[in-house]
Amino acid sequence: MMTGSRSTSTFALGILLVSACSDASGIAADGGPSDGSTLADAGSSVAPVCALSYRQFNASAKVNAESSYAWTCTATTRKMTGNGIPDHPVVGGSFATPVGTQTLSVSFPFVPVHTGTVRTLTRQASGYALNSVKLDPETDGSCAASATSTGPGGGCVAIMGRDPWRLEAMGGAFKFGTDENNAHTQPNGQYHYHGMPEGLVATTGMTMKLVGFAMDGFPIYARYGFTSAMDASSPLKVITGSYRFKATPDAGRPDPAVFPLGTFTSDYEYAEGAGDLDECNGRTGVTPDYPEGTYHYYITDTYPFIQRCVKGTPL
C-alpha cells in the first residue's frame, strides 16, 4: 500500500486545481498538492470544501482514466459533480467489471439539521468521498438458510441476492474482490468503498481527516478523532464503532462453522457505549474543519465501517 504523499510520476499525470480549506485526495501528506504547488486557503471553518476542483490522470493499471470532481456551495446546497474515478492508486482486488467513468451530480444540505431520528439507508449510498467515489457499505449478496459454502452452488450469490442472510463485504467468508482501499466495482463499473478508504487516509502520521459528506450533509471523517469529543487539544486516537457480535447467532442462520460471525449483517448488534460512536457511527464534537463543533460521522476499522443510517435529512 502506498502511504504518505502521492507522486504524480508514480501513478498520475495531468493537472490539479484545488481551492479549499480542508484536506482532499490528491493532496500530499504535508498538506500541499502532490504536484508541489500550493494549496490555497479559500474556505472557512464554517463552510469547508466549497471551492474544490480536481482533474488528474490516474495511471493505475486497474484505472487508466482521468479522475475529475468539483465541490461547490450555495446558501442551501452543497453540490458534488464528478466521474467517480478514484484519485489514488488502485492495487489488488479482483474486479468483475473494469473501473468505469460515471456522470455524477449529487446535492447535500449545506446546513444539515440533526433531527435525532435514525434514518436507515438500506442498500443506498451513505454518502460520497471528496473524490466523488461512492460510500456504499452494504452488498447485494446473500445466502439462503440452507447455504453450505461460499463456492458455486453453495447457496450464496454475490449480486442480486434476495435470500434472508445479507452478506457483508468486509466479513471475510465471501470474497467480494475488494482492493487495498476496501473498494471494488459494481456491474456498471462504478468504483465504491465498502470500508476504510486507505488511499484517502494515507498520511505520514495520525491526522483527523475530512474524507467526504453523508447524504444528510454532515461531514465524514476516517479512523482518527479527538479523545475528548469537544476538546481539540486532547490527543487523537483510533475511533471505534459501538457494534459487537451477538452473543447467540440468530435462529436459522447458516452454520457458523462455515460462515463465521461477521459474515452476515445480522451478526452484529448495537451496544451503546461499547465504542465511541452512536448507532449511525457518528458523534457531536469539534473537528479541524468545524472548530465550534458539529455532528459528524466516522469511517471505522470496525463494523459498521461506513455508517448505515443518518441522523439528518437528505435532500
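**Contacts, cores and disulfides in a predicted model**

Beyond its neighbours within four places in sequence, D136 is in contact with Q124, Q186, H192, Y193, H194 and I306. The model is predicted. D136 sits in the loop between β8 (134-135) and β9. Its relative accessibility is 9%, under the 20% limit, so D136 counts as buried.

One of the contacts of D136, Y193, also belongs to the largest nonpolar core. That core has 28 residues. The members that touch the most others are L135, Y191, Y193, V211, I220, Y297 and I299. At least two core residues come from each of β13 (191-193), α2 (198-201), β14 (209-214), β15 (219-222), β21 and β22. Strand β21 gives the most, with three residues. The contacts of I299, its neighbours within four places in sequence left aside, are L135, G195, M196, P197, V211, I220, Y221, A222, R223, F305 and I306. A further core of 23 residues lies apart from the largest one. Its members include V106, M215, F226 and V286. In soluble globular proteins, nonpolar side chains tend to be buried together.

Three strands form an open antiparallel sheet in the order β10-β9-β11. Strands β10 (156-157) and β11 (165-166) are the edges, each pairing on one side only. Strand β9 (residues 142-143) pairs with β11 in the antiparallel sense over two bridges. Within this pairing, C143 stands opposite W165 in β11.

C143 also forms a disulfide with C156, with the sulfur atoms 2.0 Å apart. The torsion about their S-S bond is about 110°, so this disulfide is right-handed. C143 belongs to β9 and C156 to β10, so the bond ties together parts that are 13 residues apart in sequence. Both ends are shielded: C143 is buried at 0% relative accessible area, and C156 is buried at 11%.

The structure holds three disulfides. Another of them joins C50 to C73, with an S to S distance of 2.0 Å. This link is left-handed, with -85° about the S-S bond. It connects distant parts of the chain, 23 residues apart: C50 in the loop between β1 (12-15) and β2, and C73 in strand β3. C73 has a relative accessible area of 24%, so C73 is partly exposed.

C280 and C309 form a disulfide as well, their sulfur atoms 2.0 Å apart. Its S-S torsion is about -120°, so the bond is left-handed. C280 lies in the loop between β19 (268-270) and β20 (282-285), and C309 in strand β22, so the pair ties together parts 29 residues apart in sequence. C280 and C309 are buried. With bonded cysteines counted along the chain, the disulfides follow the pattern 1-2, 3-4, 5-6.

Some backbone features remain. Most residues other than glycine have a negative phi, and most peptide bonds are trans. N64, not a glycine, has a positive phi of about 50°. N64 lies in the loop between β2 (51-58) and β3 (65-73). N64 is exposed, because its relative accessibility is 53% and the limit is 50%. N182 also has a positive phi, near 55°. N182 is placed in the loop between β11 and β12 (183-185). Its relative accessible area is 16%, so N182 is buried. Y303 and P304 are joined by a cis peptide bond, with omega about 15°. P304 lies in the loop between β21 (294-299) and β22 (309-310).

Conventions
Residues are numbered from 1 along each chain as its sequence is written. This is a predicted model: local features need pLDDT of at least 70, side-chain atom pairs count only at pLDDT 80 or more; totals for chains, interfaces and linings use all residues. Side-chain values use heavy atoms; hydrogens and water are left out. Two strands pair if DSSP finds at least two bridges between them. Helices (H or I, at least four residues) and strands (E, at least two) are DSSP runs, numbered from the N terminus. Buried means under 20% relative accessible area, exposed over 50%, partly exposed in between (1.4 Å probe, protein chains only). A nonpolar core is a set of buried Ala, Val, Leu, Ile, Met, Phe, Trp, Tyr and Cys residues joined through side-chain atoms within 4.5 Å. Contact means heavy atoms within 4.5 Å. A disulfide is a pair of cysteine sulfur atoms within 2.5 Å.
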